[in-house]
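Please prepare a short briefing on how the strands pair and how the nonpolar residues gather in the following structure.

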Amino acid sequence: MGEVTADARQRQKAALDRRIKACRKCVDPDRLNEPGVTESAPGFGSVDSPVAIVGEALCRGCMKAQEPFLGGSGRILDRCYQRAGIAKADLFITNSLHCHPPGNRDPRPHESANCLPFLQSELRDIVRPRLVIGVGKFAKAALVQVYPEARELNWPFRVPRARRDDHPGEPCLLFPPHPYHIMTRDRLVREQYVHSLARAIAWGFDSAP
């Protein structure tokens, strides 16, 4: 696929954002994307980012703010961005399910399936990152469908050795634990998590031309 200007990709994202906000596919047994209740939020951040972070679904606070990973476990990720020297707005951050499931329950299979084309459009058509970080099992399940041939890096992150690229244009995938499971662990575990994920983010940006 040829190069597309940042302005053109921003227009693509604006059109996709409108489609996400208008989506009403998930109505049974819960009505998703109901404003103020189970509302959606499109991807956040820069379409030029070489690194994308994909979570599972919006929490209620993130739904209200229309920003993923805001507060709560997002504070762990904030420390990672700061350690890497990258502003949150310079990353691209989204979710495998763009809506807020009631009661912060897990996404249901049909909800994840309905939302997958939106995630695919964000990542493959618009942002085209070099590194995609998926946190949580639902994010991982979605990403291996979006990128079935991508190279998966080991966690904890180590700078990978160069190798022949069998699938040009495909990003590397990284699947750290969800920060929710890290925030209650002891200080050493949290520090190791922040160090490793910050290193991955910095590596993703350094790999950009």
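Two strands are said to pair if DSSP finds at least two bridges between them; helices (H or I, at least four residues) and strands (E, at least two) are DSSP runs, numbered from the N terminus. This is a predicted model, in which local features need pLDDT of at least 70, side-chain atom pairs count only at pLDDT 80 or more, and totals for chains, interfaces and linings use all residues. Residues are numbered from 1 along each chain as its sequence is written, and side-chain values use heavy atoms, with hydrogens and water left out.

**Strand pairing**
- Strand β2 (residues 51–55) pairs with β4 in the parallel sense over four bridges, and I53 has I133 as its bridge partner in β4.
- β4 also pairs in the parallel sense with strand β6 (residues 172–174), over three bridges; here L174 is the bridge partner of I133.

**The faces of β4**
- In a regular strand the side chains alternate between the two faces of the sheet.
- In strand β4 (residues 131–134), L131 and I133 on one side and V132 and G134 on the other are all buried, where buried means under 20% relative accessible area (1.4 Å probe, protein chains only).

**Nonpolar cores**
- A nonpolar core is a set of buried Ala, Val, Leu, Ile, Met, Phe, Trp, Tyr and Cys residues joined through side-chain atoms within 4.5 Å.
- The largest nonpolar core has 27 residues, and V132 and L143 are among those with the most contacts inside it.
- The largest share of this core, seven residues, comes from α4.
- L143 touches (heavy atoms within 4.5 Å) residues including V54, L119 and F175, not counting residues up to four places away in sequence.
- Another core, of 26 residues, lies apart from it and includes I76 and Y193.

How values were computed
Buried means under 20% relative accessible area, exposed over 50%, partly exposed in between (1.4 Å probe, protein chains only).
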